[in-house]
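User: I am new to this protein. Could you walk me through its structure in short questions and answers?

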Amino acid sequence: MMLELKLAKSMMENEEGMNHLWVRVLREERAEPRKSELRIQLPNGLYRSPNLNGLVENERGTIAMDSCDQEVICEIFTQDPIECGDRTIVLTLLSNETTVNKEIRIRVVHEDDMDSAEIEDQVVERIKEISSAPIPPTNEATNTVFLQPRVPVIGENKFSYLEKKYRIDYGG
């Protein structure tokens, strides 16, 4: 197994910053189907929302993946202003036989420096696909509930122009 990691933006703001992390699990074709767990360790000051794919997470934030699950997308954000600089996000994929570790660097900058941010179109398109997917019906026979990822609503306030400028999932 291998992990491929991509960020939606090459950098994020140090205050009220947001980005998306796309994790793709590349499994060998001949590999036995197996369950695995994905752990995402964020540096101090960065937080994440539950994964947008609707995969099960436990109270420690570990994401359960079946052999058919190929990707996880998480929104990463700051809650309070943090110091600018490079940070490292560490991911660990655990299965019965193997442990795969991978790191990705994220640059935290002041808002004024965001004009030079590069956008990863493949990640943005995948987020849009997930956000616009229809809600599957609830299966009462197995008590399964399907959850749709939250879709942000951008209201009008004195900072909304910033949100419209920097949110990758803004359709306006």
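**Overall layout**

Analyst: The protein has 2 helices and 9 strands; helices (H or I, at least four residues) and strands (E, at least two) are DSSP runs, numbered from the N terminus. The model is predicted, so local features need pLDDT of at least 70 and side-chain atom pairs pLDDT 80 or more, while totals for chains, interfaces and linings use all residues. Residues are numbered from 1 along each chain as its sequence is written, and side-chain values use heavy atoms, leaving out hydrogens and water.

User: Which pattern does the protein follow along the sequence?

Analyst: Both helices and strands are present. Read along the sequence, the pattern is β-β-β-β-β-β-β-β-β-α-α.

User: What share of the residues in the protein is buried?

Analyst: Buried means under 20% relative accessible area, exposed over 50%, partly exposed in between (1.4 Å probe, protein chains only). The protein has 172 residues, and the buried share is 40%.

**Strand 7**

User: Why is strand 7 largely enclosed by the rest of the structure?

Analyst: Strand 7 covers residues 71-78. It is largely enclosed because, of its 8 residues, the number buried is 7.

User: Which residues stand opposite F77 in strand 7?

Analyst: Two strands pair if DSSP finds at least two bridges between them. Strand 3 (residues 18-26) runs antiparallel to strand 7, with 7 bridges. Strand 5 (residues 46-48) is also antiparallel to strand 7, with 3 bridges. From strand 3 comes M18, and from strand 5 comes Y47.

User: Is N14 buried or exposed?

Analyst: N14 lies in the loop between strand 2 and strand 3. Its relative accessibility is 10%, so N14 counts as buried.

User: Which backbone oxygen does the side chain of N14 reach?

Analyst: Contact means heavy atoms within 4.5 Å. Not counting residues up to four places away in sequence, N14 touches several residues, among them T78, D80, P81 and H110. I82 is also touched by N14. At 3.1 Å, the side chain of N14 reaches the backbone oxygen of I82.

User: Is E16 buried or exposed?

Analyst: E16 sits in the loop between strand 2 (11-13) and strand 3. With a relative accessible area of 65%, E16 is exposed.

User: What is phi of E16?

Analyst: Most residues other than glycine have a negative phi. E16 is a residue other than glycine, yet its phi is positive. The value is near 55°.

Conventions: Polar contact = N/O pair within 3.5 Å; in protein donor to acceptor, adjacent residues only side chain to side chain.
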